[in-house]
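Hello,

Here is the structure I promised to pass on to you.

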Amino acid sequence: MKKQRVGFLFILPWLIGLILFTLLPMIAAAYISLTDWSIVGDAHFIGFENYKNIFKSPEFYKSLWITVRYAILAVPLIIITSLSMAVMLDRGHKGVSVFRVIYYMPAIVSGVAVAIVFKWILDPNFGLINSVLAIFNIQGPDWLYDPDWVLPSYLVMAVWGAGGSILTYLAALKDIPQDLYGAAMIDGANTFQKVKFVTVPLMTPIIFYNLILGIIGAFRKFTDAYVLGGAGKEGNFIMVHLYEEAFSNYNMGYATAIAWILFAIILTLTIIVNATKKYWVHTE
Amino acid sequence: MSSQKVKRARKKQSVGMQRFRKFLWYFVAIAGSFIMLLPFFWMISTSLKVENDIFSVPIKWFPSEITFDNFVRAFEVVPIFKYMKNTLVIAGGKIIGEVFVSALVAYGFSRFKFKGRNFLFMVLLATMMLPYEVTMIPTFIVWSELGLVDSYVPLILPAYFGSASFIFFLKMYFETFPVSYEESALLDGAKYRQIFTKIFLPLSKPALVTIALWAFMGTWNDLLGQLIYINSTDKLTIQLGLASFSSMTGEVLWGPLMAASFVALVPIIALLLYAQKYFVEGVKMSGIKG
């Protein structure tokens, strides 16, 4: 009995934090989203007015559409890129640990500094990419200054920083029994077939894990979008939209309603992806 | 006779093939590394260039003359070291609490059976997907009612209630320790508190360092939280300082901006190179089993 109580005491700090910083704020958020609160002045209960307005707001749809398109393209691109990097870095050649750090580094050093560097790299006139294209007499696009090229700009950046999950893939690759490759080789499989029939199926649990994290990350994208923006408000990802409604326009009620919708979207997608698990994720 | 020849030929070919594959591997790996490092190179190169080189057509890969003016200008616009120090204050204040309390809670979850433990652990896992965007605004309102907006308290204090992902990570780590360690200590009359501080904490030093690193990275790279809570110019963090750099100069000064970014990235890259082992270990422990 005493042991029970001691154990409970050990987890108590977390439990208090859960109530203070998660449960109570969630209850408050449910109420705030039903008011017209703007931080100054009183809050009036307005029912589902905020939600109705959001679903009528072209700005909301635009930011949602940008975020959805980004998620659909960036998540698979990142998975394919980082998985390929990991398969390559799984070889025992000399110097592989140095390459590992190099590929992993872009993901670690995220934040404003990297976003700024990319803004410069993507500069239409003097940026690195267009300057290199100019050497080959190719006129590069205006990237962030052309509404149609804003999304590709973000994708370039996403692929560059894709190495964040290579370490998880590498750890999973180490767990694949070597005799499976041996068996495949005896059956006459080439490298491509070995990857397709042995590596990828055995990696599906970790791909699944990174898929879920990737979707959540894409829908919560903020820092890059806040720094880079984009022509025609094409860089107005949903978190940026939420931030601006809350902390520039002080529409706390409206912004909280957006937050609930975003949360509902993320939750629904997670549940859907989870439901597909049995069709493609390999289990022992 | 002839069959042996074929064998020998095959062997010869396969050695050649192996060499070729190895060459190909290095070729791809090095080409990829160039792409990965190019933005960093471009940043450093730009930060050392004079204006004419920065806006030169065709592109100048290296500065024609090296100048440190951009760095001087960057430090004039934004007190970079001061903002770094501010970030360090937040990170330092946070990490101590976050690591210690997370370990405490993880110990509770991994070594004790109490009513509702499994349910609470499920709740903990659920909060790892925590609707941060949902709780963000109510939490902000409470801090502003308490008059603590524009201070570091809202950024530091919540860490003292543990972090779900760190608790999860440490629980898995603690569960690899054999129970016999603490059983003999208990027989010797040790208290649970002592078992935690004298056995668990010292044994899990690598894991604690790993999560401390993650906590540090999280704070160093966080923009949204700092953006919401900090307004005063003298309290800005390195992320906020960089984000507001262009608005302080009015126009975009690429040279000084690259110099500032460079200075901001140096500590994090140095830390990555120095503590590489812990990152790798940490991901191995968490990622794969998560």
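Below is what I found in it, starting with how to read the model.

This is a predicted model, in which local features need pLDDT of at least 70 and side-chain atom pairs count only at pLDDT 80 or more, while totals for chains, interfaces and linings use all residues. Residues are numbered from 1 along each chain as its sequence is written, and chains are lettered from A and ligands numbered from 1 in the order in which they are written.

On confidence, the predictor gives the complex an ipTM of 0.89 and a pTM of 0.90. Chain B has a mean pLDDT of 88, with 92% of its residues at 70 or more; pLDDT is the predictor's confidence in each residue, from 0 to 100.

Chain A has 13 helices and 0 strands (DSSP runs numbered from the N terminus, with H or I over at least four residues for helices and E over at least two for strands). The C-alpha trace of chain A spans about 75 × 75 × 35 Å along its principal axes. Of the 284 residues in chain A, 42% are buried (a residue is buried if 20 or more other C-beta atoms lie within 10 Å of its own, exposed if 12 or fewer, and partly exposed in between, with C-beta atoms placed from the backbone).

Now to where the chains meet. The contact takes 69 residues from chain A and 71 residues from chain B (two residues are in contact if their C-beta atoms, placed from the backbone, lie within 7 Å). On the chain A side, helix H1 (residues 2-32) gives the most, with 19 residues. By class, that side has 56 nonpolar, 11 polar and 2 charged residues (Ala, Val, Leu, Ile, Met, Phe, Trp, Tyr, Cys and Pro count as nonpolar, Asp, Glu, Lys and Arg as charged, and the others, Gly among them, as polar).

The largest nonpolar core has 146 residues, and A:Ile258, A:Ala259, B:Ile137 and B:Ile167 touch the most other members (such a core is a set of buried Ala, Val, Leu, Ile, Met, Phe, Trp, Tyr and Cys residues joined through C-beta atoms within 7 Å). Domain 1 (2-67) and domain 2 (71-286) of chain B both give residues to this core, so it lies between them; the domain bounds come from an automatic or database domain assignment. Leaving out residues up to four places away in sequence, A:Ala259 touches A:Ala29, A:Leu242, B:Glu133, B:Val134, B:Met136 and B:Ile137.

The centres of domain 1 and domain 2 of chain B, taken over C-alpha atoms, are 37 Å apart. Their contact takes 7 residues from domain 1 of chain B and 7 residues from domain 2 of chain B.

Finally, some backbone details to check. Most residues other than glycine have a negative phi, and most peptide bonds are trans. The peptide bond from B:Val57 to B:Pro58 is cis, with omega near -5 degrees, and B:Pro58 sits in the loop between helix H2 (51-54) and helix H3 (69-77) of chain B. A:Lys233, not a glycine, has a positive phi of about 55 degrees; with 15 C-beta neighbours inside 10 Å, A:Lys233 counts as partly exposed. B:Asp150 is not a glycine either, yet has a positive phi of about 70 degrees.

Best wishes
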